[in-house]
Amino acid sequence: MGQEKLSFAPDPAIRTTVDLRIMETTDLHVHLHPYDYYADCPNPDLGLVRLSELVDQARGEARNTLLFDNGDFLQGTPVGDFFAYDRGFREGDEHPVMAAMNAMRYDAITLGNHEFNYGLDFLMKSLAQAEFPVVSANILTGLGAAPRQDRALVRPYKLLRRHVVDRAGLAQEICIGVIGVAPPQITTWERMHLGGKVFTRDMVDAVAAWVPEMREAGADLVILLAHAGIGALRHSDGMENAVIPLARIEGVDLLLTGHIHQVFPSRAFADIPGVDVENGSICGKPAIMSGFFGSHLGVIDLQMQRDGGEWRVSGFKVENRALRAASMSFGAFGGAGASTGQGEARAVLRSPRVRKIVARAHDMVLENIRQPIGHTETPINSFFVFLGQSASTALVAEAQRDFVAARLAGGAYETLPVLSAVSPAKAGGLGGARNYTNVAKGPLTRRSLADLYTFPNHIAALKLTGAQLRSWLERSASIYNQLHPEQDDGILINPAHPAYNFEMVYGLSYRIDLSQPARYRGDGSVIDPGHSRIRDLHLDGAELEDDAEFIICTNSFRAHGAGGFEGAVSDNLVIEDRAVMRDILHQYVSKRDQLSIDPTTPFRLWMPEPQRAVLRTGPAAFEHLDAIADFAPEVIGVDKAGFMRLRVRL
Ligand code: MN
Ligand code: MG
């Protein structure tokens, strides 16, 4: 927009209406090619390459458009790891995410928390390649007395002066202010990379301080790129999912959101005061969240009216366009798409231009992840982790323990028992029915390891007490729904609890009593401190003492407090190492000719009487049902989201 020569309206005070289309991508996590690198097969429902065709199409339908990304673009998939760890930046190298975004002519982007996973140097080298502004108002290199005295890492906001065409076909000028924020927790989660270098400020405080300046500088419209989710109504200092309080800030006109990997508007956010899931607004302002991994393109159509020299938003329509829907309408049944734009999906699916730009990166990554590094006698998967069978977590636990024990040898902590805490990296949830680790027995490749452990975490170890450990286990055990003996076929897992907070502590043995109510909610807050599910908690056959001390192998993310596990504070850190889990696993596997893994988890589920319950798992689990023969599994169908429903006997 604004390239061609246009005749300008004679008088800026004259009343006019402009249609402005605002597009969002968010939480791409390096999903470029429509490819599942963990399974080494195409996945047409994801990725920026195909999304680029939806963008082209959406641009073709509208006169005036702007495209933004909302953060978490640099980490995720083996492509991200390959560029950060294996290849680095070589002379002339362009990061494929930046190359694709440049080709797609983004208007501005903001940073998410995952941008910091590979360290500041890698991030800044990547951003240096961006041909568009990068904004973030609360990620700082110097914290001032007030937000406007802060020194920001990238610019806090940018004013985009654009020529647009109004409904009468006349050119008009409009100034669009774009400001971004991300969770201030970044400095905790990434303390190892950012300690002493990067500081953060509360998102609401930062936006409230900068927006008046943007207005004074001439912004006719203020767009907030909030790498944050829709959470609590009330503002609390430093809150993570601050979208509702952010929407209340005067002068913010429109919000692009993300971080929690969901879709807005959708029924998932129904019944929240101020949140309109029919029209897609929060506190009356248009808002959108466009899924994750390039699953959706967010489209907000704004009507802007200028009256007496002032622009205001006079109407809006909010819509998410799913790649999945575009693929379906492309199928054998022709192009009968259900909603706007999808009828043309036929043209959408080749994406030759952006595909070509990232093709070399795709090929290099495939070659890298297909390299053989070892061998396993045991299939390694996470389908039945919630039943207590999971070779994937067992292998990670043992690799962590091996590394930490070697580091502690001969030191002050040598005599303490070394336990290993692991949560499943892939276990269904919002990631969907394919989101399980699934490595066949036989040769192991780098891809197999990437499938086991998807996070770019560093190894760490904490010193904890027995009482703290017990609370970790209660927190984790709260992922199960309470089962009632008189009521068969209860659903086993409560989807409000993310699997990455289901920490199993290897080295202990314990039972989880599912007849008891949960102690914690999904967000980590306590329901009732008297609720208890953990029984028979033993170490080497003896009851675990509350005041005994242990070394717990974990990762930097958890050790610095992610998820709010008790005792996970810097004071209790005994090891924090630059080594990333991916490399620790690689070393562990390549040192051994043949892996034979006991998939038994440290816990057993327990009910006072035999009980039937329903586990949702990936359909690919079907081939492995013999692994849970003790539970007498019965397939009872596949649900709408594609999960296989298994009836099991506890
Ligand atoms: Mn994300
Ligand atoms: Mg995020």
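**Entry 1: the largest cavity**

I looked up which helix gives the most to the lining of the largest cavity, and found that it is H2, with five residues. This is a predicted model, in which local features need pLDDT of at least 70 and side-chain atom pairs pLDDT 80 or more, while totals for chains, interfaces and linings use all residues. Residues are numbered from 1 along each chain as written, chains are lettered from A and ligands numbered from 1 in written order, and side-chain values use heavy atoms, without hydrogens and water.

I noted that H2 (77-87), H10 (352-369), H12 (446-452) and H15 (581-590) each supply at least two residues of this lining. Helices (DSSP H or I, at least four residues) and strands (E, at least two) are numbered from the N terminus. The lining holds 20 residues, and those closest to the centre of the cavity are Pro78, Asp81, Arg446, Ala450 and Arg582. A cavity is a set of points on a 1 Å grid over the protein atoms alone where a 1.4 Å probe fits but cannot get out, and lining residues have an atom within 4 Å of a point.

By residue type, I recorded nine nonpolar, six polar and five charged residues in the lining. Asp, Glu, Lys and Arg count as charged, Ala, Val, Leu, Ile, Met, Phe, Trp, Tyr, Cys and Pro as nonpolar, and the others, Gly among them, as polar. I took the volume of the largest cavity as about 190 Å³, and the structure holds five cavities of 30 Å³ or more. Volume is the space filled by probe spheres set on the points, which are joined across faces, edges and corners.

How many of the eight residues of H3 (96-103) are buried? I found eight of the eight buried, so this helix is largely enclosed by the rest of the structure. Buried means under 20% relative accessible area, exposed over 50%, and partly exposed in between (1.4 Å probe, protein chains only). The residues concerned are Pro96, Val97, Met98, Ala99, Ala100, Met101, Asn102 and Ala103.

I then checked what covers them: the cover includes H1, strand S4 (65-69), H2, strand S5 (108-110), helix H4 (120-127) and H10. After H3 comes Arg105, with a positive phi near 55 degrees.

I looked at Ser52, which is found in H1. Ser52 counts as buried because its relative accessibility is 2%. Apart from neighbours within four places in sequence, Ser52 is in contact (heavy atoms within 4.5 Å) with Met104, Ser351 and Val354.

Asp56 also lies in H1, which covers residues 48-61. Its relative accessibility is 29%, so Asp56 counts as partly exposed.

In H7 the buried residues are Met203, Val204, Ala206, Val207, Ala209, Trp210, Val211 and Met214. I noted that their cover includes strands S9 (157-165), S10 (171-181) and S12 (221-226), along with helix H8 (243-247). Just after H7, Gly218 has a positive phi of about 115 degrees.

H11 (391-408) has 18 residues and reaches 26 Å from first to last C-alpha, close to the 26 Å expected. Among its buried residues I listed Ala391, Leu395, Gln400, Phe403 and Leu408. Gly410 follows H11 and has a positive phi near 85 degrees.

**Entry 2: loops**

Where does Met607 lie? I found Met607 in the loop between strand S33 (603-606) and strand S34 (612-617). Met607 is buried because its relative accessible area is 10%. Beyond its neighbours within four places in sequence, I recorded contacts of Met607 with Leu483, Pro485, Leu514, Ser515 and Leu650. Gln516 is 91 residues from Met607 in sequence and 9.1 Å from it in space, C-alpha to C-alpha.

I found a cis peptide bond between Phe264 and Pro265, with omega about 0 degrees. Pro265 sits in the loop between strand S14 (263-264) and strand S15 (275-276).

I also recorded positive phi values in residues other than glycine. Asp40 has phi near 55 degrees and is in the loop between strand S2 (35-36) and strand S3 (41-42). Asp489 has a positive phi of about 60 degrees and lies in the loop between helix H13 (466-477) and strand S26 (490-491). With a relative accessible area of 25%, Asp489 is partly exposed.

Definitions and conventions. On a 1 Å grid over the protein atoms alone, a cavity is a set of points where a 1.4 Å probe fits but cannot get out, and a pocket is an open set with protein on both sides within 12 Å along at least five of seven lines; lining residues have an atom within 4 Å of a point. The expected span of a helix is 1.5 Å times one less than its number of residues.
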